[in-house]
Amino acid sequence: MKHTLAVLVENHPGVLSRVSGLFSRRGYNIESLVVSETEDSSVSRMTIVVSGDKAIIEQVTKQLNKLIDVIKVTDLTNEEAVNRQLLLVRVAADNTTRGEIVQLMDIFRARVVDIGRRSMVIEATGDEKKIQAIIKSLQPFGIQELAKTGTLAMLRGSKEK
Amino acid sequence: MLGSELLLKCLEKQGVEIVFGIPGGVVIPLYDVLKKSKIKHILTRHEQGAVHAADGYARSSGKVGVCFSTSGPGATNLMTGLATAYMDSSPVVAITGQVVKSFLGKDSFQEVDTTGISMQITKHNFLVKDANDLPDIVAEAFFIATEGRPGPVLIDIPKDVFTQVVDKVREPKIRSHVIEKLRKPNIDEIVFHKALEVLKNARKPIILAGGGVNRHPGNQELLNQFSIKNEIPVAVTLMGKGVVPAHNPFYLGMVGMHGTTSANWAIQNCDCLLAIGVRFDDRVTSKVEAFAPKAKIIHVDIDAAEINKNVTSFISILGDSYDFLKLLSQKYQSTKSNKEWINQIKLNSGEFDDSFSQIGLNPQEVLETVNELLDEDTIAVTDVGQHQMWAALYVHPYKPRCFITSGGLGTMGFGLPAAIGAQMANPAKKVILITGDGSLQMNLQELALLRKWNLPIKIILINNGVLGMVRQWQELFYQENYSEIDLAASPDWEVLAQAYGINGTTLSTPGEDLITLRNILDSKFPWLVNVKVDKGAKVFPMVPAGSSLDEIWGRWGNEAHVSSLG
């Protein structure tokens, strides 16, 4: 099962390498990892999606907590949380298909951010399922290039701690 | 004040009296100001010697052991020692020089990514970019090394940080979340009482004590009295040796691959296993699925990550072993006698035959004699291999922190420098190094320190002319295909001892030689005692790797050959 962990860490060089080193050394599988500064510039937030059974997730959490530079680990999997990925995709599009693609993207509330003569670039955000659905819907037109982020996650308001 | 001077001040503030190390290119500025400090520097002959010595110093005293090295090869030479300290949770602080900041990342002369390389084998490490940060970093390094589960910490310092001028020295400050993270957890009372009930209801209880219990000197009395008062047998791991004195009638000895038959039988047949400060290493559990199959396991550890890592516990208690044992002694009321259980252990342990039948001197017998000659405070240090396991089975120091061995990493070459560190930390105590001809040659260069510092260490060299443990495995499991184990053309040990300015002698005939050994162990001078033993001598009992602890090999009763018990 996939788990989403929000990990607050000290914002200084080497921390990413400590965390990723821990995962590779102990053989845990990272599905995705997103890291950026938080509202406090001395603290970074890593959102890590990791797959494994309950025992593995327990070990991952405990081992992360042992790292001196890790401030806090929260498992957001079973919490009411907002999960988002960002997708950029270049899809083949000409006069015959452009309209159809725009209509499709409207359904997903995705945006067209660039149009060329033979292609267009689409931007979308959403949870993993939605992003997968968008990709699937675009595949018949011909995906030329695709980039997406891992999952970012945050607790909903009612769950504020 | 220079960064280098500030560093020494910070170390003095932490109570550092001795450091082990070797100078080199980028640490010359540090060594330049060393004489201004009260800290005594012990020049080892190899950086690996320095870090093992710091480790031996730490293990035998409970204080932090400190070592210095230069950048590049100096730093890489420390790595085996850091990994050794990390596996056995020993508080070591290593200070390495680094190339000047502007040269970092340029593949400069003697540059390696020291913090990168040591990341997985230290509890934490630092790269110092500004000398003004030194007070914070040194304070935090010592805090991290000792608090919670101890471990090694490395501080990497570029040359220009040593030469940087510091105008105003800051008061050291440790980050609050670091203090919080390593704070000793309070034992959960509800969980504790559940554990108490399980232990009370157990008909066949046993305690397994590990390195975590060895840390606190007060634990021995608590555990010993608890065990005697309530008739609960105690087994130990290799790292737990000394947590209970061997004369405790309920002491079963070591568990695991070369554990005693009684300890292993008791583990496999107990209904409650109270495991304190152990991490269930594979050399302890052997086949983990078959480990203590009938037991409710109560696991007490200060490191949350050890709980349910290798063995799933029935009840887990997060906390310090001393707090736990104190609470246990206060709250536990024995309701029944365990005599029947203890008799069962005795009856079912098999008649292990340790009458030795090797050619010439028997290593077991020699170590039995060494054991008889231990005084209350003697520290026994070992290297790694057959002699280490014989020492674990036959040599029983009286107190905690008196059996010093590389358990987790199994580092050959650890013994001599660790013995030097232990003797430096305990000048009044007798230090005996039990080593082998393979191990001793892995850090032989440190022999020079015995003469230089008048360290009366007694080296008992169990010399069988081969890499004995490998030979034992090749004989038992690889159809006697003896591949690359012959240590022919090793030095003449007496001549070598003489060359290093210490006493040397060779023992090879049973009987009278053991009297010589007595005289030597009483001497005030360093000795290298070359004990010639049969290369065919093997360590038994033995549980083959991958088997359950029920399958113990050895000679039983009057059998002529090795067989499996049960």
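The centres of domain 2 of chain B and domain 3 of chain B, taken over C-alpha atoms, lie 30 Å apart in this predicted model. These belong to a division of chain B into domain 1 (3–182), domain 2 (189–348) and domain 3 (363–539). Where domains 2 and 3 of chain B meet, 14 residues of domain 2 are in contact with 15 residues of domain 3. On the domain 2 side of this contact, seven residues are nonpolar, five are polar and two are charged.

Chain B also touches chain A. Each chain's share in that contact can be counted: chain B gives 13 residues and chain A gives 13 residues. Two elements of chain B, α5 (114–118) and α8 (176–182), supply two or more residues to the side that touches chain A. Of the elements on this side, α8(B) gives the most, with three residues. The side of chain B that touches chain A is made up of five nonpolar, six polar and two charged residues.

Gln423(B) sits in helix α18 of chain B, which spans residues 415–425. Is Gln423(B) buried or exposed? Gln423(B) counts as buried because 28 other C-beta atoms lie within 10 Å, where the cut-off for a buried residue is 20 or more. Leaving aside residues up to four places away in sequence, Gln423(B) touches Val431(B), Leu455(B) and Ile457(B). Asp133(B), by contrast, is 290 residues from Gln423(B) in sequence, and the two are 34 Å apart in space, C-alpha to C-alpha.

Terms used. Residues are numbered from 1 along each chain as its sequence is written. Chains are lettered from A and ligands numbered from 1 in the order in which they are written. This is a predicted model: local features need pLDDT of at least 70, side-chain atom pairs count only at pLDDT 80 or more; totals for chains, interfaces and linings use all residues. Helices (H or I, at least four residues) and strands (E, at least two) are DSSP runs, numbered from the N terminus. A residue is buried if 20 or more other C-beta atoms lie within 10 Å of its own, exposed if 12 or fewer, and partly exposed in between; C-beta atoms are placed from the backbone. Two residues are in contact if their C-beta atoms, placed from the backbone, lie within 7 Å. Ala, Val, Leu, Ile, Met, Phe, Trp, Tyr, Cys and Pro count as nonpolar, Asp, Glu, Lys and Arg as charged, and the others, Gly among them, as polar. Domain bounds come from an automatic or database domain assignment.
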